[in-house]
Amino acid sequence: MMDDWELGPFPTKLLLDDSMEPEALPLLPVRDTVLFPYVAAPLFISRDRSMKAVEAAVSGDQRIAVFTQRDPEVQDPGIDDLYEFGTEAVIGRVWRMPDQTTSVFVHGRRRLRLLNLVKTEPYLVAQVQPVVKNVEPSITAEARMRAVLTLFEKVVRLSRNIPDDAFVMAMNVNDPNWLADLVASNLNLDVATRQELLEIVDPLARLEKISVLLAKELDVLELESRIHSQVQQEVDKSQREYFLREQMRVIQSELGETDPLAREINELQERIAAAKMPDEVRERAEKELGRLASMPSVAPEASIIRTYIDWLLDLPWSECTEDNLDIAHVSKVLNKNHYGLNKAKERILEYIAVRKLAPEKMGTTILCFVGPPGTGKTSLGKSIAEALGRNFVRVSLGGIRDEAEIRGHRRTYIGALPGRIIQTMRRAGTINPVFMLDEIDKLGVDFRGDPSAALLEVLDPEQNYAFSDHYLEVPYNLSKVMFITTANILDPIPPALRDRLEVIEFPGYIEEEKIEIARQFLVPRQLEQHGLTGLHFPRETLRRIIREYTFEAGVRNLERGIATICRKVTRRVAEGKQPPRYILPQSLHKYLGPPEFLFSEAEKADEVGVATGLSWTEAGGDTMAIEVTVMPGKGNLLLTGQLGEVMQESAQAALSYARAHAQELGIKNVDFDKVDIHVHVPEGAIPKDGPSAGITIAIAMISALTRRPVHREVAMTGEITLRGHVLPIGGLREKVLAAYRAGLKTVLLPKKNRKDLVDIPRKVQRGLNFVFVEHMEEVVPIALVSPEQKQKRKQAPSAKNRRSVERHEQGIKPS
């Protein structure tokens, strides 16, 4: 009660009627509190006589005598039930309270001595004698006031119950009477001690008594402060709660009051308190725990709630790993685990650099690795996690058709679980893992929803800070996750989802890269897995395996071939036979059988109607012979070799160009209405399509119509228009490498593709002659053998004839 007292200005009535003569005043008996002079305080009254006494005082001069009961249990106190000393007070305001009591705010004025009761009905009226003793200013009074102020200042500083304003007020009091009562009213004292101070009329004696009380209070507060400081240093809030709960658990165990459900509830409560959840999630967990505690353990919903709480507790809400932002270290790890893939590595190093310089302002980037199978997309994601020092998790999205696989099921369903995203985050254990969404192009759609639409929120940096899972029903922060998606092709990915991805293409490895990958990674790994040492694979052996036993963009089949050889060698060792030290190219048929693929090579001689084109496949580039023959007919164009619609249209455009420019191209004595032109692309079981064979088909047609051979060492690629323009094409890197492997010398390319040569290895650029063309007029002189060259070749003896002449001169008969 006393803690609620407050200081305030005294009303003008306090300064009136200062006579010392006995007088009759309405009496207000109070319980468990003592009102001091010069102090304002609220008094709560509920007895009828007290209410009438207040009403009488308010209707008069607002003065009332306040005396404390000796026994607070007495309902109708008499003169013997009241202390002898009380306080004259002036009523400030009266408030009716909701609990049917009345709050009376009064200001203490001066001490009173109770002489007798004048009347008892309808309220108490007492004959009281004012008691006032003034003190003249003196050194003793000044010294005692200063001593009290010094002690009071220390008490205020250490106590949490006394406001600082109390000391400020005390500093400005010059009267010993007022100072003593003011300090006494702010101390935490029992009723008897307060009444004892009220009955000390001499201000100096009262100050001395208060000094003693202040000293005792100060000792207690200092000891309490020391204990609190020591405890605060040794135990934090969570440990203190844990200690108290452990004590409670031990006490309950000793009393035999614990049961499995209570222990489980206590354990969950401790885990919730220890988990660093956001406020909204913690409130939800505590609410569900309250429901669990209030229902029987056999209730069907109890297991559902328990599972839900376990999910909330198992998810990482604030645990994270510290990123390793050392660019040199990251580069070293990436190069140690992967050969090539320079674009992807550069992008990762750029990400690290930006995060190092501006971590707070950096936006989240969603990478998408696109390329054929086996090119290292998934393994590069693992290397990124290793380089950054983050946890790595992976989810395969192939074949997912239900949106609930991403967002989870609502808890109303039996066996409901969170979606794949939340499940994987629990497995990651941190809020900032490297999260790989594999095969994002294999997502399906059916009546159960569109999973790719659910991924929009996951992969959008503007939304994923509050990802909503149907099962959790609380927001989960995915903004610190580094998402990496993989795909084989981009076409099946919806445009809205593709817009959120930064695409990095994995074009597939060239032959030289595969050899280096095999030497640095595949061979050592297979030798270790098969327990072999001292077995060597020369470069030519690896080249032969790549060309004749694999046809792929990646290196999976290459590693399988190496593993097959290692298994056979391991068997020889296990049988006690001498293993080979080197796997030679000519011995591959013993380990891998006959070659499975034919290696594309340049044509043996210049031929009429046969031109060499270049094609792109997922497994890399390849050369493609296009054959054209002219025969009597009715002007038809025959197309065979399983050609797609685009390629058929290219053949029609090439024929139209040849017919329109027949005179310029030297096509004579050909009636197009009386001949059929047959265009065939070998390997008819393989579908072929695309416009890049346009100029190749045109050259093969012109060669067949003019009977001019095509240079066998010239390859070409480019789209043709009806006007003869050569348009740019795609897949240049793979096509040029195919020409290089086949031993071709000259490659005709669209002029607008000159910029793409930056992706071609320098060794390949030095081994080929690139000719960039814009029109068919530039292609024909280079691709076709001129009449002069043809005449010279007829006159020059062939290689076979030259050998016969040499043998004849030496007297050797030709075999």
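Predicted model: local features only at pLDDT ≥ 70, side-chain atom pairs only at ≥ 80, totals over all residues.
**Salt bridges**

The model holds 53 salt bridges. Side chains of opposite charge can pair when their charged atoms come close.

| Arginine 110 | Glutamate 88 | 2.4 Å |

Take arginine 110 and glutamate 88, whose side chains meet at 2.4 Å, N to O. Arginine 110 belongs to strand S5 (residues 102-119) and glutamate 88 to strand S4 (residues 85-96), so the bridge ties together parts that are 22 residues apart in sequence. Are these two residues buried or exposed? Both arginine 110 and glutamate 88 are buried.

Glutamate 386 is partly exposed, at 43% relative accessible area.

Which elements does it tie together? Arginine 420 is in helix H15 (residues 420-428) and glutamate 405 is in helix H14 (residues 404-407), so parts 15 residues apart in sequence are joined. Arginine 420 is partly exposed, with a relative accessible area of 29%. Glutamate 405 is also partly exposed, at 29% relative accessibility.

Some bridges form a network. Its members are Glu511, Glu512, Glu516, Arg519, Arg539, Glu540, Arg543, Arg547 and Lys763.

**Strand S2 and its surroundings**

Strand S2 spans residues 40-45. Five of its six residues are buried, so the rest of the structure largely encloses S2. S2 runs antiparallel to S5, and six bridges join the two strands. Leucine 43 has valine 104 in S5 as its bridge partner.

A nonpolar surface patch consists of Phe44, Trp95 and Met97. Together these residues have about 320 Å² of accessible area. Methionine 97 is located in the loop between S4 and S5. It is partly exposed, at 31% relative accessibility.

Arginine 47 lies in the loop between S2 and helix H1 (48-59). Arginine 47 is buried but has no salt bridge. How far away is the nearest side chain of opposite charge? That side chain is aspartate 76, and the distance is 6.1 Å. A salt bridge requires nitrogen and carboxyl oxygen within 4 Å. Arginine 47 does have a polar side-chain atom 3.0 Å from the backbone oxygen of glutamine 75.

**Backbone geometry**

Most residues other than glycine have a negative phi, and most peptide bonds are trans.

Glutamate 121 and proline 122 are joined by a cis peptide bond, with omega at about -5°. Proline 122 is in the loop between S5 and strand S6 (125-131).

Glutamine 642 has a positive phi, near 55°. The loop between strand S16 (637-640) and helix H22 (645-660) holds glutamine 642. With a relative accessible area of 41%, glutamine 642 is partly exposed.

Arginine 707 has a positive phi of about 60°. Arginine 707 is in the loop between helix H24 (694-706) and strand S18 (714-716). Arginine 707 is exposed, at 54% relative accessible area.

How values were computed: Residues numbered from 1 in each chain as written. Heavy atoms only, no water. Helix = DSSP H or I, 4+ residues; strand = E, 2+ residues; numbered from the N terminus. Buried < 20%, exposed > 50% of the residue type's maximum accessible area, 1.4 Å probe, protein only. Patch = residues over 30% accessible without salt bridge, like charges linked within 9 Å, V, L, I, M, F, W, Y side chains within 5 Å. Areas by Shrake-Rupley, 256 points an atom, 1.4 Å probe, with all protein chains shown as cover. Pairing = 2+ DSSP bridges. Lys, Arg positive; Asp, Glu negative; His and termini not counted. Polar contact = N/O pair within 3.5 Å; in protein donor to acceptor, adjacent residues only side chain to side chain.
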